[in-house]
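Visitor: I am new to this structure and would like a close look at a single part of it. Please take me through the salt bridges.

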Amino acid sequence: MDKFTNSAWFMRIVAFALAALLFISINFEMESDKKSLGLSTAPEISTETIENVPVEVYYDRENLVVSGVPETVDVTLKGAKSLLINAKNQRDFKVYVDLSDPAISMGDRTVTFKISDLNEKLVATIDPEYAEVNVQERVTKEFSVEAEYNSSLLEEGYTAGQPTVSPKTVKITGAKDAIEQISYVKANLEISKGLNETVNGKATVKALDRDLNKLDVTIEPSTVSVSLDVSIPSKTVSIAPKQTGKTKDGIRITSISVDPKEVTLFGSETSLEKIDEVVLPVNISKIDGDTELELDLDKPESVQKMSLGKAKVKIRTEKVDVDEENAEPVVEKEEPETEQKQEEQKQVVEEEAEEDEPAAIDSKTFNNIPIVPVGIQDDQNAELESEVTSITLLGDADDLKKITKDDINLTVDVSNLDEGTHDVDLAVTVPEGVEWELDSKTVSVTITQKDEET
C-alpha cells in the first residue's frame, strides 16, 4: 500500500482531482456572485407594444393621390428588455408604406407595412399587417363658389339680397374620382339671430357631392369673403295731427300744422300696405294762446322702426268772447260787391299761406343699385367687396315718382390704384333737383395682377 501511495501515478491522480475540485468551486462562486449582482449571462426576453405609431407614405405627390392608409398603427416588439425600453422611449424607428414605384398602377391595391431603423436584435409585429389603399391621378380644377346663409335668422321685416363672394372661384385638388363627384361648392356665412344690418365676413369653402356629403379634397383658397346686403322695406306716409280734449273758454283753435309733414316707416311689405298715415294726437285742453310743441310719434305695432320719433306742432289760436263762442252764428245778407270783396281777400290769404308753406320733401329708397368699376387697367383685375348698394333720394314727391333705377349711376374709379385693397369714394349721378344719401360713401376694392398667358 505504501508503495502505491508513494508512486508517481498516485500523486498525479491526486493532483488532477484537487485541480478539478478547485475549478468547480471557483466557477460555482462566480455564478453565485453574478446572480447576486444581476449579471446573468443569458439576457431576459420580453415583449412591448407601442401604440399609435405614425405611418409614412412614399409616393409621387405631384401626380398621384393615395387614400386608405391609416394614420397610425400599433407595433409589438420582442427582444431583450433593455433594448425594448430604449426603443419605446426613443421611437427612432419608422413604419412606412412604399408606393414610390413610377410604374405603379391606378386603382385599389393591398400594401404591407414596413419598418426601418429598428435594432436588428428586436423582432417587430405590426397591427394591422396591411392596408387596402386606392391610388388615383391627382387633378386640379376650378369651381365657382356659391354663398349661402340661414334666412330664418333675419330680424322680422328685414330682407337680404343675393350674397356676393370674393373671390368668385376656387381651385380644388384631389383624386380624379373625387373631383368628378363635386356637385356643389358652398361657402356658408355664419350669422346670428336677429340680423338687421349688412354683414361682411369670412366663410369656409366646402366641396360637396350631390347628396351633400363633404369630399376629401384640397381647396385653395380655403376661405372667401362674403357680403350680405340686409335692408328693410320702407314707406313714406303723412303725419296727421288729431285734436284731443276741449279748448279753454275764450280760446279758439284756428290752425294746427306739423313739421315735418311726413315720416318714413320700415317693416314688412304686408304691414306697410295697410298704413296710409300716422296719427299724432294733440291735446288742446291746456292751450291758452299760440303754441309750438314737440310731441312723440307713436310707432304702429306692425312697424319695425320709423325715420323719426318726434314732430313739431304749431298751434294758432284766437281769443273770443265766451258769449260769442257759444252763440249761434248770425247769417247776414250782404251786397254782392261785399261778398266778392271777401272772396278776394280769402283768396289772397290762401295764396300767401301757400307761399309761406315750404314744399314737401319726400324720400325714396332704391335697393341693389349696381356699382360699376371704371378705368380698369389691361393687366389688372378689380374685385369689389360689394357690387351693389342702396341709395335714398330726397326731393319733391312728384319728382321722385318719375325716377327709376335706370336714372341712377354709381361708379368707382380704379384707374390709379396699385395692387392691394383700397377704400375708394363712390361717384353718384342722379337727376337734377334731388339730394342723395348712402349708407357708405366708399367701397373696398381689391386690385390683383392678371396671370400671364403662356
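**Salt bridges between strands**

Guide: Arg252 is partly exposed, its relative accessible area being 33%. This is a predicted model, and the side chain of Arg252 forms a salt bridge in it with that of Glu318, at 2.9 Å from N to O. The two residues sit in distant parts of the chain, 66 residues apart: Arg252 belongs to strand β19 (residues 251–259) and Glu318 to strand β24 (residues 310–319). Glu318 also counts as partly exposed, with a relative accessibility of 34%.

Strand β24 holds a partner in another pair as well, Lys310. The side chain of Lys310 meets that of Asp296 in a salt bridge of 2.4 Å, N to O. Asp296 is part of strand β22 (residues 291–296), so this contact ties together parts 14 residues apart in sequence. Lys310 has a relative accessible area of 42% and is partly exposed; Asp296, at 48%, is also classed as partly exposed.

A further salt bridge joins the side chains of Glu148 and Lys186, at 3.7 Å from N to O. Glu148 is in strand β9 (residues 146–148) and Lys186 in strand β13 (residues 184–188), so parts 38 residues apart in sequence are tied together. Lys186 counts as buried because its relative accessibility is 14%, under the 20% limit. Glu148, at 31%, is partly exposed. Both residues belong to a network of salt bridges that also takes in Glu146.

The structure holds seven salt bridges, among them the pairs Arg252 and Glu318, Asp296 and Lys310, and Glu148 and Lys186.

Definitions and conventions
Residues numbered from 1 in each chain as written. Predicted model: local features only at pLDDT ≥ 70, side-chain atom pairs only at ≥ 80, totals over all residues. Heavy atoms only, no water. Salt bridge = Lys/Arg side-chain N within 4 Å of Asp/Glu carboxyl O. Helix = DSSP H or I, 4+ residues; strand = E, 2+ residues; numbered from the N terminus. Buried < 20%, exposed > 50% of the residue type's maximum accessible area, 1.4 Å probe, protein only.
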